[in-house]
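Hi,

Here is the structure I promised to pass on. Have a look at it first, and my notes follow below.

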Amino acid sequence: MQVTETLNDGLKRGYTITIANSDLEAKVDAKLREAQPEVEIKGFRKGKVPMAMLKKQFGQRMIGEAMQEAVDGAMQSHFEETGARPAGQPKVEMKNGETWKEGDDVVVEMSYEALPEIATPDFSAITLERLVVKADEAAVAEALDNLAKQAQDFAEKDGVAENGDQVVFDFTGSIDGEEFEGGAAQDYPLVLGSGQFIPGFEEQLVGVKADDSKDATVSFPADYGAEHLAGKEAVFACTIKAVKSPVAAELNDELAAKFGAESLDGLKEQIRTGLEGEYAQAARAIVKRNLLDALDSTVEFELPPSLVDAEASQIAHSLWHDDNPDVHDHNHPEIETTDEHRKLAVRRVKLGLLLAEIGRNAEVEVTDAEMTQAIMGQARQYPGQERQFFEFVQKNPQMQQQLRAPIFEDKVVDLVLAQATVTEKEISKDALKAALDALETEA
């Protein structure tokens, strides 16, 4: 095998690979000898077919396989010997493909964009600030009140129903005087203002009292799930059985037990821990963004143009679909990339390559346990279909990569943060929210 460099321009590489016919024939002979013990042809016992006949019978097919293996082997040897890493799938063309005949050498042209050499920066020179928020008593009390509302009960009241009250009633729905399936219920408890019923229904029950009869006239939305009801006007004959006002649960140990705590103080501590966990997650998003900004401004290296072009195109395509949510396929006009798309693409490709290189040098890996946890997290979005989702992920390498990539990135970010100079600054909950809002505005 002979390899000749034909292009070395920036990250662009080109090579001519010549595979001698003698090497190709040796591969074919080796493949035929490997298969010989299992071959059986009329007139010969199994394993006793002469090589000349094997070559005549199977030679042409073996040449194709041997040629592919030779080219793949030549490429692998090239990357192992040079240490070069292609940014994408190399382009391979047989130079003498149209004129090649048995007995000729195989001449292949290979071209690709190489991944750049990336110098790892001094992480300790990066200075960052990690925001810290403590859950104050007011925040704990607010969360505790919300839990009490969730655990609230309802007590019968005199007078008319208001928003927030619970109305217990029987109803029967009809369209053009005909009752329809699924349009009736008895002793139905409805909290007015909850938005549980179709728009316009609950508002018509405001002001009713026990033993009232009320007809509520509403129109089903045009996109309603049941086609036979979509867009149609319906009348619901309602008989009010009771009107109840909300009674917040008492803040005591009994309430705490409903939420898995041993005591009210234990529930407060549980709330405090949960709130500070939420604050820490928000603070991490901020310090991660600041770290990526610092890396972006600190490290410089050449980027493979093909990766930038592909990323810019993907960004433009994604943003176009965000602006055109009704289009779910690719049957749309060609989407042109802008300078803004390319600017964002340059940042993403640069940081992606840098984090990948840092992780590679540090031998960062995503464990099977971490992948399983990520898959389980995604599977919860499909209740009742968790097993099918697991099977889908197992058969879909692209989906596996989509789940693995953010885990890998976070592990590399943690690695860098551990070596960077990070100081902590305690701030208020409102200040954290403002910082997070500013982060989302800049994104």
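**Glu113 and its neighbours**

Setting aside residues up to four places away in sequence, Glu113 touches Leu11, Lys12, Arg85, Pro86, Ala87, Gly88, Pro304, Pro305, Ser306 and Leu307, where a contact means heavy atoms within 4.5 Å. Before I go on, a word on the source: this is a predicted model, in which local features need pLDDT of at least 70 and side-chain atom pairs count only at pLDDT 80 or more, while totals for chains, interfaces and linings use all residues. Residues are numbered from 1 along each chain as its sequence is written, and side-chain values use heavy atoms, with hydrogens and water left out.

Back to Glu113, which sits in strand S4 (residues 106–113). Helices (H or I, at least four residues) and strands (E, at least two) are DSSP runs, numbered from the N terminus. At 15% relative accessibility, Glu113 counts as buried; buried means under 20% relative accessible area, exposed over 50% and partly exposed in between, with a 1.4 Å probe and protein chains only. From Glu113 to Gly266 there are 153 residues in sequence and 59 Å in space, C-alpha to C-alpha.

**His78**

His78 belongs to helix H2 (residues 51–82). With a relative accessible area of 5%, His78 is buried. Neighbours within four places in sequence aside, His78 has contacts with Tyr15, Gly83, Met110 and Tyr112.

**The aromatics**

I count 17 aromatic pairs in the structure. Rings of Phe, Tyr and Trp (its six-membered ring) pair if their centres lie within 6.5 Å; planes under 30 degrees apart count as stacked, over 60 as edge-to-face and the rest as tilted. Take Phe180 and Phe220: the ring centres are 6.0 Å apart and the planes are at 80°, so this pair is edge-to-face. The pair links distant parts of the chain, 40 residues apart, with Phe180 in strand S8 (residues 178–191) and Phe220 in the loop between strand S9 (213–219) and strand S10 (233–247). Phe180 and Phe220 are both buried.

Tyr188 and Phe197 make another edge-to-face pair, because their ring centres are 5.2 Å apart and their planes are at 65°. Here Tyr188 is partly exposed at 23% relative accessibility, whereas Phe197 is buried, with a relative accessible area of 17%.

Leaving out neighbours within four places in sequence, Ile198 is in contact with Val218, Ser219, Phe220, Pro221 and Tyr224. The C-alpha atoms of Ile198 and Ile118, 80 residues apart along the chain, are separated by 58 Å.

**Two positive phi values**

Which residues other than glycine have a positive phi? Asp187 is one, with phi near 50°, and Asp211 is another, with phi near 75°. Asp187 is found in strand S8 and is partly exposed at 44% relative accessibility. Asp211, in contrast, lies in the loop between S8 and S9 and counts as exposed, at 68% relative accessibility.

**Helices**

How do H5 and H10 cross? The axes of helix H5 (residues 264–298) and helix H10 (residues 397–419) come within 11 Å and cross at roughly 75°. Axes here are lines fitted to C-alpha atoms, for helices over the stretch in contact, and angles run from 0 to 180 degrees between N-to-C directions. That makes H5 roughly perpendicular to H10, the word used for 65 to 115 degrees (under 35 is roughly parallel, over 145 roughly antiparallel and the rest oblique). On the H5 side the contact is made by Arg284, Val287, Lys288 and Leu291, and on the H10 side by Glu409, Asp410, Val413, Asp414, Val416 and Leu417.

Helix H6 (residues 305–323) has 19 residues and reaches 27 Å from its first C-alpha to its last, close to the 27 Å expected at 1.5 Å a residue; that expected span is 1.5 Å times one less than the number of residues. Buried in H6 are Val308, Ala312, Ile315, Ala316, His317 and His321, and the buried residues of H6 pack against helix H7 (339–361).

Cheers
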